[in-house]
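Hi,

Here is the structure I promised to pass on.

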Amino acid sequence: MATAVITSLDTKSRAASHGMSDIRIRNLFIIPTILFLIVFNIFPLIYSLGYSFTDFRASSNAPANFVGLQNYRELLNDTFIWSNFAITAKYVIVSVTGQVIVGFGTAMLLNRDIPFKGLLTTLLLLPMMLSMAVVGLFWKLLYDPSFGIINHALGFGRFEWLSNPDMALYAVAITDIWMWSPFVMLLSLAGLSAVPKHLYEAAAIDRAGPFYTFFRITLPLVAPILMIAIIFRTMEAFKTFDLAYILTSQPTTEVISIRLYKMAFQEWQTGRSCALAYIVLIMVLAITNIYVKYLNKVKER
């Protein structure tokens with residue numbers, strides 16, 4: 001019956017009375033979506049790719065001259081760009097690792113019968129529903145050395161979180177962990193709830209300890225969905241701009257997205273910035289591909 005609804009149109013429906021076929025209705029919904037994606041996604045992508053091979057500057061009326069791979073060669077040989085990539089890699093490792101530990105740990109605590117579990121889970125999801133700008137400004141006040149509640153709670157006195165070059169990147173990462181750990185928690189909860197209960201019962205009968213149960217039952221079965229969370233969060237962390245830009249302007253927090261922004265909209269090196277954007281895109285795709293291959297291996301076990 002369900003197949004009939006999907007593959008054929010009800011002859012008594014209003015659409016059928018107007019002479020609309022299944023294919024026409026399908027196209028009516030799909031074609032506008034495809035056109036929207038082409039206009040707002042695919043066309044700018046191809047357009048910027050063309051500019052990446054030129055010396056075009058948006059601030060100048062001079063025509064764009066084709067320079068081939070010159071922009072890519074200069075960027076790949078620029079030590080400052082590689083420094084930005086190193087900062088980004090450090091940020092991604094700290095941020096994603098923290099999100100996985102906090103998110104998965106919270107999911108483990110919530111994966112049991114506790115009072116007000118639904119309300120508590122909803123409250124924990126609130127941070128990731130907030131705007132990046134709001135979160136950045138909110139945590140900037142929390143980090144303030146004069147009246148910030150973090151220093152007061154930890155007893156750090158007038159410790160400079162955002163002005164300290166050595167701590168600024170970690171401060172941004174902590175904010176990102178606070179905001180996006182609920183995302184990892186949500187996916188982990190879905191994975192934990194799908195683990196068959198009889199496996200834990202069999203482990204209890206065999207007198208298996210919590211350490212054995214976690215590493216032989218829980219973690220292997222939740223690993224695929226946990227890997228999906230890591231893939232999404234790594235991609236987003238690699239492209240982080242809002243939090244780092246709002247919280248601090250330290251050179252040690254200049255991730256590659258901020259360098260790209262400055263190159264495109266402050267220095268007006270439009271062609272070169274397009275080339276950098278494609279280098280970032282290729283790196284993100286490469287990292288994602290590695291994760292996906294590892295995910296497929298995990299699923300095969």
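Which element gives the largest share of the lining of the largest pocket? That is α14, with 8 residues. Some background before the rest: this is a predicted model, where local features need pLDDT of at least 70, side-chain atom pairs count only at pLDDT 80 or more, and totals for chains, interfaces and linings use all residues. Residues are numbered from 1 along each chain as its sequence is written, and side-chain values use heavy atoms, without hydrogens and water.

**The pocket**

A pocket here is an open set of points on a 1 Å grid over the protein atoms alone, with protein on both sides within 12 Å along at least five of seven lines; lining residues have an atom within 4 Å of a point. The largest one has a volume of about 380 Å³, taken as the space filled by probe spheres set on the points, which are joined across faces, edges and corners. Its lining has 14 residues, with L45, K239, A277, V280 and L281 nearest the centre. Two or more residues each come from α3 (22–51), α13 (256–265) and α14 (270–300); helices are DSSP runs (H or I, at least four residues), numbered from the N terminus. By class, the lining splits into 10 nonpolar, 3 polar and 1 charged.

**The cavity**

A cavity is a set of grid points where a 1.4 Å probe fits but cannot get out. There is 1 cavity of 30 Å³ or more. Residues T234, M235, F238, V284, I287, T288 and Y291 line the largest cavity, with α11 (210–238) and α14 each giving two or more. Of this lining, 5 residues are nonpolar, 2 are polar and none is charged.

Best wishes

Terms used:
Ala, Val, Leu, Ile, Met, Phe, Trp, Tyr, Cys and Pro count as nonpolar, Asp, Glu, Lys and Arg as charged, and the others, Gly among them, as polar.
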